[in-house]
Each structure stands twice: as structure tokens, then as C-alpha cells.
Amino acid sequence: MRPFSYQRASDPDMAVQALGVAAAANNPLTKAAAQPLAGGTTLIDLMKLDVMRPTAIVDINPLAPAWSAIAPGGDGLRLGALAKMSDVAAHAEIQRSYPVIADSLKLAASAQLRNMATLGGNVMQRTRCNYFRDVSYENCNKRNPGSGCAAMDGVNRMHAVLGTSDQCIATYPGDFAQALIALDAMVEITGKAGTRSMPFAQLHRAPGSTPDIETALQPGELISAFSISGRWPRSVYLKARDRQSYEFALSSAAIALDVQDGAIRDARVALGGVATVPWRAREAEALLKGQRFDEALAQRVADAAFADARGRRHNSFKIALGKRIVARALQQAVTMEI
Amino acid sequence: MTAAAPGPRTNMGQPVPRYDAAAKVTGRATYASDMPLDNPAYAFLVTSAIAKGRIDRFDLDDAKRVRGVIDIVTHENAPKLKESKLYSNGGYAGTTIQPLKSAEIAHDGQIIAVVVAESYEAAREAANRVKVSYSAAAPTATFDSPGTTTAAAKGQNSQFKEDPKVGDFAKAFDAAEVKLTASYETPTQHHNPLELFTTSCTWMGDNLVIYEGSQYVHGLKHGVAEQLGIDADKVRVVNPYVGGGFGSRGSMTPRTAIIAAMARRLNRPIKLVPTRDQGFTITTHRAETRHEIKLGASRDGRLVALRHEGAEVSSRPDAYCVGGTKTTTRLYACPNVDSLVSIVRADRNTPGFMRSPPEVPYLFALESALDELAVKLNMDPVELRRINDATRDPIDGKPYTSRSLMACFDEAAKAFGWSQRSPQPKSISDGDWLIGYGCAATCYPTLAGPSAARVRLQRDGRTRVEIAGHEIGTGAYTVIAQTAAERLGVPLEKVAVFMGDSDLPPAPVAGGSNSTASTCSAVMMVCDQIRQRLFKALMPSDSLADKAKETVGISPAPSTQAAKSDRSLDIEKAFDALGVGVVEEYGEWKPEGAPLDSFRAMHSGQVRLVGGHQMKDQIAYAFGAEFVEVRINRFTHEIRCPRLVGAFAGGRIMNPRTARSQLMGGLIWGMSSALLEATEIDERNARYVNDNLADYLVPVNADVPGVEVILLSEEDDRINPVGVKGLGELGNVGTNAAICNAIYHATGQRIRKLPVRLEDIEL
């Protein structure tokens, strides 16, 4: 860890200004000199590891009263970026109308972390790639652009099989983002020029040739809220992992269905633990629409979801695993009592 | 009685709460890095990013500019230290790879620089700013990597004396009615005790005090003195509490003498708190192993031939091996046995003890193979073990001092509900989950070593016990206090125990599960010395003839007999008769068969453990049986272990509460070893990849919903005066195999490589 200044932002303008002033214009956000501090569960960790080296920390927790809404309403849901994971997971209406959100949060991290971590910070969580997190490895295109990728031919059991490039195969590690992308969430971003909204699906950027650029956020911008239209009571989050709690997904699926009289009117399939970014399997969804569910269809959907997957030495198992998870999660969603 | 404190059965002490429970749960227990220091400087390590090669140069400019930096030590300016020999070669160290001696790098994460600063934060920041230029060479990582060299352990490791064999294995295996050949593999593992590998050193004139979590304060004291070239009596090691050892703190690591020498040069206390990932490379680990087992049996299940070949990875300079064939060749009655242990050298740090070092990997192989044989024979695996149960060591023909293996199997089987198991694989399921039951034997040699103790008794019953034992979380304070209270007949709350300080009378390393047997035998003996003085005062009637008989060894005097019996003592009356305020006794105890130099070695920080198969006329082991239920999700293939049941017999159980806790931890660790724990090695550069507790997985509470420990009554007066067999390393031995055997039962799939992960399951 290196020395940094610390200031508390008492209102959004002050936060945005503090983050903007210290930000060097041409840096990717992850290397910006000023970083916002919410729950701190990723930032502090990466600072201790010397991966992130901000010189200014802007504590945005004072914004919590305004930015912590958990507001399910008639036409949808609004979640403040500073709402705690544990509070959202425990909210009765979220559990009833958005089980995929409640479960994705409940199955993430540990109780202690969920009590600290915020929704906004959660979606910005950075990869757990060991080679990224250990600065003694020089070759990490995400950390040192152009230096190569140690994970490509290294120990890559946890790495991605979808959305990879020849520059980076680091997995997006979170769970909640899969629920957001499945439900077509919008993300509200507060910056110098006020607030703007964009589809959550456009927030994260696949690594391509610039794995150091992870999101569409600019230095000086903050996620202030998420919003979702409609209710999704028929939705599930299924997660496979090495231990029963407090572990990242080897593979997960966020499924949301709208089933009327046995026919699937709308279907959402998102994948976690297998992709470089929160991953929406739209081709797979298309196969479901207007269909009646059966096992063969589930299998076709699962195959479609992983049609473009590319495994490497230790992670090829994720393709077959991911397909089984998609098929099983679909079945759970179809048969769930709502 | 609460679940945490099972009621005592025959030959068990009381399940009294831990002596140190309140101190620990309130945070008052002081671990090494909690010790106050006067104006300390803080050290932070820089470790190598390559596993082989040399350092071309350091660029320290940026680091030195960090405010508060006092000094940066590299091989170019490090204090010169004397070499320390391995503990197995009459020294104290766990490795002969001495960092900061030259530009050469011998393994990943070797200490290459130490930054000292006014604060921990400044030291860490400066360490991050140290730039190193290397000339890297291609390192050899592990088995199958180019550049390994392999040779038999015998002849290169002084502690591995013999590959056990008996009869004619080849002939018997050829002729066997049923044969099995199978290969097994275990991974690198790391201990990760909660307490980091901290060291604080402070000098007072020529005297050095070291605060460091150690499983052997007297060993560390002598080792550091040797490296510094000073008199050992000038060095004191203090650690009243150790935040987990598991073998990782059993022998000296290079960091201690480095920090001590730097503190001397700086003339200021230095405190080092390494990071978790540095702990993976600056101490030791359990090496990866490979095994081939050959079993030959008659159709009725009698073993006629057994061969165990093991291979273990070690460092280039040091021939470390655990050689578990000493146990696996003796566990079952078999007339024709052969074995071979080899050491494979690679560019790695020297491995070291990790709980049940030989038994964990070697019994995984044997107990898996036995299950495979049971399947071939269409026989219940418990019955296969019963048929081959031994009363004598099949290699040397010596009788077991006591052996309750089958009694353990029977009690555990009953508690587990084994009789309801259908032997067919894939025959039990529950919704999404396939269920399998498995079992395995567990065992650990009964060891003890020379130990001294000092006990002081006052007229009001207040008792002070001093012994340089180690509280590594096992309950050592508690059982020592119980021993003294019981022998002296004083209330437990009047006994104060002082341990973890090399100024106290030496006790052996807290390793090899010898501590309770050794320390309690010594304390019991010294308490009897006090009893003898008091009884003598009370029984002036010992006649001259009695005294003469005792002097020439014909028969003990009545007061001696009284002291050694369980006869109760009126302390106040005895003190009044004696006319003193305090009685204090010091004594040195050694187990039967201990070598002649035992006490001399004890005072030089060297251990002479005896027992196990190395006793003259007998062989002593603790036994147990472990049963597990695994569940495998038919969709995700996730493997969970909802039930672990173990029954154990360990001679006298001093305290059923602490014993249960220890064994419970062992069962959980065993499950962890089977399903979670592996240090991943990047073979391209021989570096550890998952060197942190987020990626080196250990179980969380949700992984262990059901753990049941059954303590059997067992009496064994042939092992040591307290009749104790070590339990510390008994719990985690059988679990690896029991889990793989259960996975076979659940799926029909035999997995021979640990840890078993969901991608290994094919349904």
C-alpha cells in the first residue's frame, strides 16, 4: 500500500468533483489517481496487494442516505448504489418479485462482506485472476498493457471461456451483475454533467485488445443507482462452487422467465463464473421464446449458450459444467412455484 | 454435559474447560506479535519473483526515498550468519537454503531483501518500490518437469533408515488369487495457521529475546544462537500462545536469525510481520507425493502381498522425505511386504512437517487401495480390515502395545449407520444428490521425548508448573494443569502453568503428537518428587532399614510407595511437618528406550523422540476409524460432505473436551485435504499461484454441518507413565481415503488424485 489522501464526500457534487480533479484524463478508470471508497472490500484489498495505487481516496459512504434505496414499485425496481448487499438480499419484496437478485446476492461472498459491500462496488469488483492480483508477475495485460498474459498458459482453472481475447482470459467474478444483465437493468451514472443512464449490459467492456479498460465509466463518474422494469418472480440464480459458502462461482446461471399457459413468452439467460464480463446468452434465449419447456429444449439452449466458448488447459470443464447449470436452472425456473 | 464436552468414559480425565479459554475469547492471550517492544522498527520482506537464477542488481533509489525507511538489506550488505544444519543432521533448521547469502535464487518467494522502517506501512511501501533485475534460469517445478533427479531416500536422508520389507513379495504377488495395482497422487499443501509467521527480536546488551510462534522454543533458541555465533544462554524465545502450528513452526526458518542480526546491527527492536502469501514460501509445506500400491490377496480376503512405492518432491539441496511406508507396511497382517521411497529433486523450497506428515499421503494410498480390493473381493471394507487386523508388526514381529482398530471401526460404524449401506455404487440418492458412504482406518505412532519440568507447591495448595511446552491450540495448558492438580490433590484453579518460554525447563518439540505424553509424564514425575518429600515429612517412621533398602534399590521406602501411589496427601499437615513455606522440585523425565544422550540433547534444543515402530520389543500406535457421507450433485457435480464420524482410541484421554476438539479439527482438515486444499504450481516458472486464503480453500462452517467424534476407552500401561497416545495427528489421516471411497460408492468412479474437484466427477 502506498500513501494516499482521504476525504469524505458529503454530497454527490463534492464526490464527483473530488474524483474528477484528481483523475488524469487519459487514464483508464482502474488506474485513476482518485478512487471512490464505498464498502472497500475490493479496493482496500487491491491496494494492499499494490495492484491499485490511488493517491486520493474519496469516501462516498456519506451519500448513503440518498443512494441506498431499495424501492420496488408498481412498475419496477430501483436500487441505490450504496445499498448493502445483505440488506437487498434480505428484503422480502426482492425475494418475492426478484428471487434471482436476492439469491445472487445471498450466494456471494460471506456474511461479513455482504454487510460491508455495496451494490455499486459489487458490480465494479475486479477479477480474481491470480496473475493480475500478484504484482510479481510482470505479464498481465490488464495491469501492464502490452506485457502479455501469464494466465493464458498458466494455472487457469478459474478463468473465462466466453468473451476472452488473446490478451486476457480473466473472469468477471461477481454474481449480482448476472441478475442485472438478465433483467435488462439500467445503470444510473452520476458525473460532472449530472446523471445519465445506460443499459447495464453496456457498462462492462470485454477485454479485446484493451483489457485494462474494464467499464464504460469515466474517471469522475459514479454509479448512483440501478433500475429494472417489471417484476420477475419466476427467476433463479444457480451457482456451482468448490465449497458451500464464501466462494466464487465456477459457473453460474441467472435465469428469468415469463411463462404463460405453459409457453415461454420471455426468457433471460445470463452466465457467471465463465465469462470475462457479465454475460447475456441472447442466442440461447431466442431458442426459448414461444416454446414449451422440455429437457431437449433445455439442452439446446445450454449448447447455444456455450457455442462460442473456448476452454484452455485447466478450465475446459466449465463448458460442460456451464451447460448443465443452464439446463438445470431453466428447469428450476420453469417448475418454481410463484 | 454439553456437546463440546463429552462425559468421560473409563480411563479418561475430566472434560474441564480450557485453562486459556477466557484469555483467548477475550483477546487477552498475547501472541508473539502482540508483545510490547520499546521503540521498534518494522521489517518487511521482499521475496523473489523467480524460482531459479540470480539477482543482477537492485534499484533501491525509489524505495529509499520513502519517508521513514531506515535500512534495506540485501545479499550485498546483509549481516553474515553462520550456516545452520538441518534438524535431521544435528542442526535446527528446516532448510539449508540460506537467503541473503548470495545473488543465487533457489526457489520461488525466497527472501531477497528486508526493508526496515519507522512504521509497518513505510516498510511495506518501500518494499513495493524495490526494483530487482534477475537473470532467470528455467526452473524445475515438480514431478514430470524437465530437470528432476530421482534417487532412493535410503542413504540420503539420515532419518529414513530402511525401506521396510519382509518375506518374498514378488513371488507372493505373482501367485495371489486377487491382485490390485493402483497409483495415487497427493498435492502440495500449506499449513496457513491463522497467526502469520511473525518474528520480533529485541536485544538487551548481549542478550536476545525472540518473540515468535514456535513449536519448539529450545530448538529455535539454539538454532538462532548457532547462526549468530553466540552462546545459546544469551538467547530467549518467548511465545506463551501459538496461533496454530500444524508443523509449520517445528523447525527453524531462515527469517529468525536474519531479523535478530538486523536488530543487533540497528541496536533497536525489530518486528517482522510477513504477509500471508510470503508465508507460503518462507516456511515449509507438505510436498506433493506419488504412490504405487500393489496388493495380493486370497479370495477370502487375506492379504498375501503388499508393496508400497512412494515418491516425494524435495528441494535441490535437502533430502527431505516423510517416508510413510514405515506405517503402511505395518498396519495390516501380511507376510510378504516390499516398499521403496524415492526423493525427487526440483527447484523448490525444502518441504517440512505438516500434520501427520508420513501418514496423510501414504495412508491415502493404502486405505484407498484396500477399498478397491474390497470391491474386487465383493467384501465389506470393514470386514476386509478385520480379516487382516494384526496383533503384531508384520515387519519385525513385535506386538502392538494395544490396538483398538477394529473396536473403533465397530463403534464408528454403529454411530454412522454403516449396516444400512447397500454396497452397490450409485445405489443411494436424495433428490439432486447422489450419496456415498466410505470409510478408512486412521493411525498415528505413539511417540514421546525427554522433558524437564519444575513444580512449586505452597502450603495453601497454590501450584506453579514451569515447562517449556507449547500451547499450539491443542489444550496443553489445560492437560498439564489437570495432571498437576490430580497428582498433588489440589484444586485445578490453584494451578498456574507457564509455558512457551525457553528460559523454562525444556520440553520436546510440539510435533509428532508427543506433547501430552512427554510433558504430562514429566510433570507427573516432578509432582511425585514433591509428594515424596511431603510423605517423607509425614512418615518419619521410614525405618533405617527401609531407607537402606531403597538406597541400594531393593525396594522403595513406604513414603516413596505412598508418593507413587494414588494415596491422598494432607498438604497443610505435610508442610507443617516439613517446616517450610514452599516445596519446589525440578526433574528430567525420559521415555523408556530413549538414547543415552537424551538429556544432553534436550538441553541443546534437539529432540530424541522414541516410540512407534522404533521401540525395542513392541510397537505403539493410536488407531481410529473414520466414516463419511458424501453427496454429489448430479447437475453441478459439486461434492459435499455432510457427515464425518470418527472413533478413536488413544490410551488415556486426559481431557475429553480438548481431545474431541482436536480430533474434530483433524476430521475437518482431512475433508479439506480431500476436497479443497492444494497449492497450485505454475509449472513454467515453479511458482505458487494460489498463495492466499481466498484461493487456497479451506472449509467454511457450511461445509461441515455434521462432525461426530467418539472417544474409546483404552488402557495402555506399556507406553508412558501417563498412558497417553498422541491424538493430535490422528484425526486427519484416514479422511482422504474415506472420502474417495465414499465418492466411489456414490458414483462408481474411483478417483486416485487429490484434491477431488467437481471437474473430476463424471456422471
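**Entry 1: domains of chain B**

I looked up the domain assignment of chain B. It gives domain 1 (1–8 + 400–446 + 620–763), domain 2 (32–139 + 191–282) and domain 3 (448–605). I note that this is a predicted model.

I then took domain 2 and domain 3 of chain B as a pair. Their C-alpha centres lie 38 Å apart. I found 20 residues of domain 2 of chain B in contact with 22 residues of domain 3 of chain B. The area buried between these two domains is about 1,600 Å². Carbon and sulfur atoms give 49% of that area. On the domain 2 side, I listed Gln215(B), Tyr216(B) and His218(B), which supply 37% of what domain 2 of chain B buries against domain 3, more than any other three residues.

**Entry 2: polar links between domains 2 and 3 of chain B**

I counted two salt bridges across this interface. Asp503(B) forms a salt bridge with Arg236(B); their closest N and O atoms are 3.3 Å apart. I also have 15 residue pairs in polar contact between domain 2 and domain 3 of chain B.

Which elements give two or more residues to the domain 2 side? They are helix H5 (217–228) and strand E11 (235–238) of chain B. H5(B) gives the most, with five residues. I sorted the residues of this side into nine nonpolar, nine polar and two charged.

**Entry 3: a helix in chain B**

I checked helix H3 (residues 120–129) of chain B. H3(B) is mostly covered, with seven of its 10 residues buried. Among the buried ones are Arg124(B), Glu125(B) and Arg129(B). Ala122(B), Ala123(B), Ala126(B) and Ala127(B) are buried too.

**Entry 4: chain A**

For chain A, the assignment gives domain 1 (5–60) and domain 2 (235–335). I read 35 Å between the centres of these two domains, taken over C-alpha atoms.

**Entry 5: chain A against chain B**

I found 34 residues of chain A in contact with 36 residues of chain B. The two chains bury about 3,000 Å² between them, 47% of it on carbon and sulfur atoms. Tyr137(A), Arg243(A) and Gln244(A) supply 20% of the area that chain A buries against chain B, more than any other three residues.

I counted three salt bridges between the chains. Glu683(B) forms a salt bridge with Arg313(A), with the closest N and O atoms 3.6 Å apart. Polar contacts link 16 residue pairs between chain A and chain B.

On the chain A side, helix H9 (130–133), strand E9 (235–240) and helix H13 (317–335) each supply at least two residues. H13(A) gives the most to this side, with seven residues. I sorted the residues of this side into 12 nonpolar, seven polar and 15 charged.

Key:
Residues are numbered from 1 along each chain as its sequence is written. Chains are lettered from A and ligands numbered from 1 in the order in which they are written. This is a predicted model: local features need pLDDT of at least 70, side-chain atom pairs count only at pLDDT 80 or more; totals for chains, interfaces and linings use all residues. Side-chain values use heavy atoms; hydrogens and water are left out. Domain bounds come from an automatic or database domain assignment. Contact means heavy atoms within 4.5 Å. Buried area is the accessible area (1.4 Å probe) that two parts lose on being put together, summed over both. A salt bridge is a side-chain nitrogen of Lys or Arg within 4 Å of a carboxyl oxygen of Asp or Glu. A polar contact is a pair of N or O atoms within 3.5 Å; within protein, one must be able to donate a hydrogen and the other to accept it, and residues adjacent in sequence count only if both atoms are side-chain atoms. Helices (H or I, at least four residues) and strands (E, at least two) are DSSP runs, numbered from the N terminus. Ala, Val, Leu, Ile, Met, Phe, Trp, Tyr, Cys and Pro count as nonpolar, Asp, Glu, Lys and Arg as charged, and the others, Gly among them, as polar. Buried means under 20% relative accessible area, exposed over 50%, partly exposed in between (1.4 Å probe, protein chains only).
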